[in-house]
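Biologist: I am new to looking at protein models. Could you walk me through how to read one?
Modeller: Gladly! Let us bring it up and go through it together.

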Amino acid sequence: MAGCTPLRSAALASLRGLDEHLTPTMATDDGMFADKAGRFPRDLRQQTAAAMLDRADVITADAVAIFPHSGAESLDADYCSRLGHVLTLLLAFAVRDARVDPRGGVVADMHRTVVERMLPLDQLCSFVYFTERAALDELALDEHLGATSEPWPIVGQIVRRASFDLLAAYIERAQLEPSDAAIVDQLTTLHTRPMLDAVLAKELERAGRFGDDVSLILFDVDNLSTINREHGYGVGDKILERLGILIRQYFRQHDWVARHSEDSIAVLLTRTDAEHVTDLAERVRATVEERLGFTDHRDDRPVVVTLSAAVVNIQVAVGDVIDPVRLLADAELAVDRAKELGRNRIQRVDGYSAALRVELRSPTG
């Protein structure tokens, strides 16, 4: 399909049997309608799920367009889009398998995204409902499954039931998480994004009072979506778990190391030297390339794991006001630049937003 996102590509691969997080439990029936036990033919579930994934971008966009009007005005569009993609993916899996494994990796991603902004349960339920409605609106136009087709009433039942299964799995997952889930990311054992946001704002305000220099490193795993698609989400989770352990070894106890997003980790350092911070980031990059690769035992092919990273150094004078949102945006843009230039490298940025001095570091120095 043209314009297929990494998330949708991974989902389509999963429908071909590569997903390991959701366990099929429904029996296959020969007829087109549910039997007395309420079961539906597996081929109809597969067709419906595939049609949803084929329209995943549209379903997500339609749900996101409605969601802010449900009382979530404070949530940014990027966050709503990320959560919407995960909900669409899980809804398609729930349609396919008639259940959702609360311990699965995709549910874990959903939980981390919800915790990232402390999204209330009532708003999450609204978002799931809007995703369900958007999915049904798109499916209604399908030539074989849509509103004018014979299986349409069953398709509607399957999708509506799937949204309940999705929410049930999320609630069970949330109950499994310890009470400190808002502080510690359970996969990497690093601080969470909400914790990073709170600490970053506080430390930047402190730096402006005392004139302390600040550095922010943002590490991003190269091609993680491809690794997940080709080797399974369990492999990606293992990489992130090992990365969290490795990165902590390179930084001081009072440095803040946190999971920034699904495939990135941020490190906030204060009262330090820009050259030293850049060298630390380079050492982490080299160690990851050396140690985190693995062998695909299906064909004995080595798989290299690398990082692209940004190092943003700010010389803060007394009275300076640094916006944490803009600082993170600077780091994210620098990571994007490192990836554009070939990945597996450090992009150093000296300065803040408008006045920047940029230095590119390749693996060879």
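Biologist: How many disulfides does a search of the whole structure find?
Modeller: One looks for pairs of cysteine sulfur atoms within 2.5 Å. Here the search of the whole structure finds 0 disulfides. Please keep in mind that this is a predicted model.

Biologist: Now I would like to follow one residue. Where is T60 placed?
Modeller: T60 sits in helix α3, which covers residues 56-66. With 2% relative accessibility, T60 counts as buried because the limit for that word is under 20%.

Biologist: Which residues is T60 in contact with, leaving aside its neighbours within four places in sequence?
Modeller: They are S81, G84, H85 and T88. With T88 there is also a polar contact, side chain to side chain, at 3.0 Å. Another pair to look at is T60 and A135: they are 75 residues apart along the chain, yet their C-alpha atoms are separated by 8.6 Å.

Biologist: How do I read the way two helices meet, say α3 and α4?
Modeller: Start with their axes. Those of α3 and α4 (residues 77-97) come within 9 Å and cross at roughly 125 degrees. An angle of 65 to 115 degrees would count as roughly perpendicular, and one over 145 as roughly antiparallel. The two helices are therefore oblique to each other. The crossing of α3 past α4 is right-handed.

Biologist: Which residues meet there?
Modeller: From α3 come A56, D57, I59, T60 and V64, and from α4 come C80, S81, G84, H85 and T88. So our buried T60 belongs to this meeting place.

Biologist: May we try a residue in another helix? Where is A108 placed?
Modeller: A108 lies in helix α5, residues 105-116. At 8% relative accessibility, A108 counts as buried. Its C-alpha atom is separated by 9.1 Å from that of Q186, 78 residues along the chain from A108.

Biologist: And a loop residue: is T272 buried or exposed?
Modeller: T272 is in the loop between β3 (264-270) and α11 (274-291). At 16% relative accessibility, T272 counts as buried. Beyond its neighbours within four places in sequence, T272 is in contact with D213, S215, R252 and V277.

Terms used. Residues numbered from 1 in each chain as written. Predicted model: local features only at pLDDT ≥ 70, side-chain atom pairs only at ≥ 80, totals over all residues. Heavy atoms only, no water. Helix = DSSP H or I, 4+ residues; strand = E, 2+ residues; numbered from the N terminus. Buried < 20%, exposed > 50% of the residue type's maximum accessible area, 1.4 Å probe, protein only. Contact = heavy atoms within 4.5 Å. Polar contact = N/O pair within 3.5 Å; in protein donor to acceptor, adjacent residues only side chain to side chain. Axes fitted to C-alpha atoms, helices over the stretch in contact; angles between N-to-C directions. Parallel < 35°, antiparallel > 145°, perpendicular 65-115°, else oblique. Left-handed = near helix turned anticlockwise from the far one by under 90°.
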